Amino acid sequence: MFFAVFSANIPGGVMSFGRSLYQFLLSSSQAYAKWDLEVSTSIIKNRKKMLFLLALAAPILLVCGAEAYEAHEMLGGKSAYAPAFYTTTIFLASIAVGLAAGLITGCIGAGGGFIITPALMAAGVKGILAVGTDLFHIFAKAIMGTTVHKKLGNVSVKLAIAFLVGSGAGTFVGGAINKGLYNADPLLSEMFISTIYAVLLGFLGFYALFDFLKATRGTQADSGDAHGGTAGMTGLSVKLQSLTVPPMITFDEDLVPGGRRISGWIVAAGGVVVGMLAAIMGVGGGFVTFPMFVYIFGVSSMTTVGTDILQIIFTAGLASVGQYAIYGYVFYTLAVGMLLGSLLGIQVGALTTKVVKGVHIRGFYAVSIISGFINRAATLPKKLVEMEYLDWSMSVVNVIEDVGNVIFWVVVAFFGLWVFSKFFLNLGKLRGEA
């Protein structure tokens, strides 16, 4: 009822734009989830890679780092920020974060990457360090598990070069924004990152909930094709390809007589946007690239897949190393823990989709994203009070923040228990299908 009344009072143009933006972002996260599952499967099937990961993790699990690293007063140069020292407990928490993100990615097919940075911040890792660590985790996973060599035939080198020039510049802009805010005021940086995530997760979560409620009432919402099942041209892509601003790039020659053409400046501009988002949010460039190429640039799905896999390595690598690692804003042990957890979670989640109803998955997607929104939004009052922009009692804002944390972790824990219960209860059936 609420959504019916709410939507009835919004102008049609606004609703149409919101729907289009939601489908774009949903397609983005679903395409990224498909890449994540493919990469994780590639790593798990390679015994040498798994042994290498376990070799990295073993010393961390065996040695409590609190005493060993006590001399390192801070990470990243601000005592108000990063953890004062590393402990085994923090490493185990990073495995749990990776496990939760992997379960969401594998089971829901979308959204897992969106909760890693908020989850790290909820666990006590401060904003800029969470962003840098998440980016490095994505970069390490891409390097270890990439299958780009299998799809090089689908890569348009000219498109890739133009896009990477833009995304490289974008990572410097995004990284400079985060570091500039951090150096000016750590609290301002924290509030900036939390606000971006609160807006994004709130928009995605409530639209997903609206779609879920429509589905349960028997009115199936149009969910779109997550992986670009059609290479049909949109009105926007037709207009952009009609702009003849040299240098022009020709692509899809094998699919369209004479190929299609688009200005390299337009592709580079798209790369700037992706690079900025990657560096600011720590989500990896791949989550926006796919729908941007297909729906905005008018590139075929086959060409987009290969180009997307190639660019994410360079975009995530340049952002994580060039903008965060060299300044001390990457927590390497956390990245290893997240990688271990996500490898397990994404496989369990993907298998569980075979034994649960699709409508349940859509519901959990909405709830998990909304819980992330509540968690980040609940931190904002405290930051505003600490920056003296809001005159509330500190005890009140602490309660608000604690409630947001509790809601987030309860939802994540419930989702994890639900997925694992479905997985183990249907283990015999899954083995039979295998």
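Which helix is Ile161 found in? I looked it up: Ile161 lies in helix α8, residues 157-184 (helices are DSSP runs of H or I, at least four residues, numbered from the N terminus).

The model is predicted, and local features need pLDDT of at least 70, side-chain atom pairs count only at pLDDT 80 or more, and totals for chains, interfaces and linings use all residues. Residues are numbered from 1 along each chain as its sequence is written, and side-chain values use heavy atoms, with hydrogens and water left out.

Entry on Ile161. I find Ile161 exposed, because its relative accessible area is 52% (exposed is over 50%, buried under 20%, partly exposed in between; 1.4 Å probe, protein chains only).

Entry on Asp36. I place Asp36 in helix α2, residues 12-44. Asp36 counts as buried because its relative accessibility is 7%. Its side chain makes a polar contact of 2.9 Å with the side chain of Lys141 (a pair of N or O atoms within 3.5 Å; within protein, one must be able to donate a hydrogen and the other to accept it, and residues adjacent in sequence count only if both atoms are side-chain atoms). Neighbours within four places in sequence aside, I list Thr105, Lys141 and Ile346 in contact with Asp36 (heavy atoms within 4.5 Å).

Entry on Ala279. I place Ala279 in helix α11, residues 264-281. Ala279 counts as buried because its relative accessibility is 0%. Leaving out neighbours within four places in sequence, its contacts include Val131, Leu135, Asn178 and Tyr324. For Ala279 and Tyr324 I note a C-alpha to C-alpha distance of 8.8 Å, at 45 residues apart in sequence.

Methods. Helix = DSSP H or I, 4+ residues; strand = E, 2+ residues; numbered from the N terminus.
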